[in-house]
Amino acid sequence: MKYFNIDSFEDFLIKFNDNLFDYVIIQVSASWCKPCQLIKNDYKEFIENNEEKNACCLIIDYDIIEEDDNFNTYLTINKIPYFIIYYRKNKIKEFQCSSMDEIKHNILHELNNKNMENFDISDDF
């Protein structure tokens, strides 16, 4: 799976709106957050080694979100590390977690849930 480090709101909009992936995983962390730093390397390794070709991960530093109010339109972050999973630009799951086992479980569960019959994807993008 590909991942992108987001360094501005404009960069976020481009990577979120102009990608060809069905799944977009947003991870919000911070350099001053101890739980974020504890999972950082394991999380990147998990993303890099995941074979899902139809998904990408956007990694955003919380400090960038706090500096730009435009992020509030898209993201409501109360705790970090925080994860949001989108399927075809519709939010399907969000969670706060600092356990790699739980993070992997949550992400893989959604990526492997190819049966989206109860999910309305009628909007054209």
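Trainee: Which strands and helix do the buried residues of H4 pack against?

Mentor: Keep in mind that this is a predicted model. In it, the buried residues of H4 pack against strands E2 (23-29), E3 (55-61), E4 (82-87) and E5 (90-96), along with helix H2 (34-49).

Trainee: And which residues of H4 are buried?

Mentor: Met100, Ile103, Asn106, Ile107, Glu110 and Leu111. They sit on the same side of H4 because they cover an arc of only 135° around the axis. Turn to the other side and you find Asp101, His105 and Asn112 exposed.

Trainee: How many residues does H4 have, and what does it reach from first C-alpha to last?

Mentor: H4 (residues 100-112) has 13 residues and reaches 18 Å, close to the 18 Å expected at 1.5 Å a residue.

Trainee: Let's talk cores. Which residues touch the most other members of the largest nonpolar core?

Mentor: The general idea first: in soluble globular proteins, nonpolar side chains tend to be buried together. Here the largest nonpolar core holds 23 residues, and Phe12, Ile26, Leu75 and Ile77 touch the most other members. Two or more residues each come from helix H1 (9-17), E2, E3, helix H3 (62-67) and E4. Another core, of 19 residues, lies apart from it, with Ile39, Tyr43, Cys57 and Cys97 among them.

Trainee: What is Ile26 in contact with, beyond its neighbours within four places in sequence?

Mentor: Its partners are Phe12, Phe16, Leu58, Ile60, Leu75, Tyr82, Phe83, Ile84 and Tyr86.

Trainee: Last one: where is the place of Arg88?

Mentor: Look in the loop between E4 and E5. Arg88 is partly exposed, at 33% relative accessible area, and its side chain makes a polar contact of 3.4 Å with that of Tyr87.

Note on methods:
Residues numbered from 1 in each chain as written. Predicted model: local features only at pLDDT ≥ 70, side-chain atom pairs only at ≥ 80, totals over all residues. Heavy atoms only, no water. Helix = DSSP H or I, 4+ residues; strand = E, 2+ residues; numbered from the N terminus. Expected span 1.5 Å × (residues − 1). Buried < 20%, exposed > 50% of the residue type's maximum accessible area, 1.4 Å probe, protein only. Arc of directions from axis to C-beta. Contact = heavy atoms within 4.5 Å. Core = buried A, V, L, I, M, F, W, Y, C linked by side-chain atoms within 4.5 Å. Polar contact = N/O pair within 3.5 Å; in protein donor to acceptor, adjacent residues only side chain to side chain.
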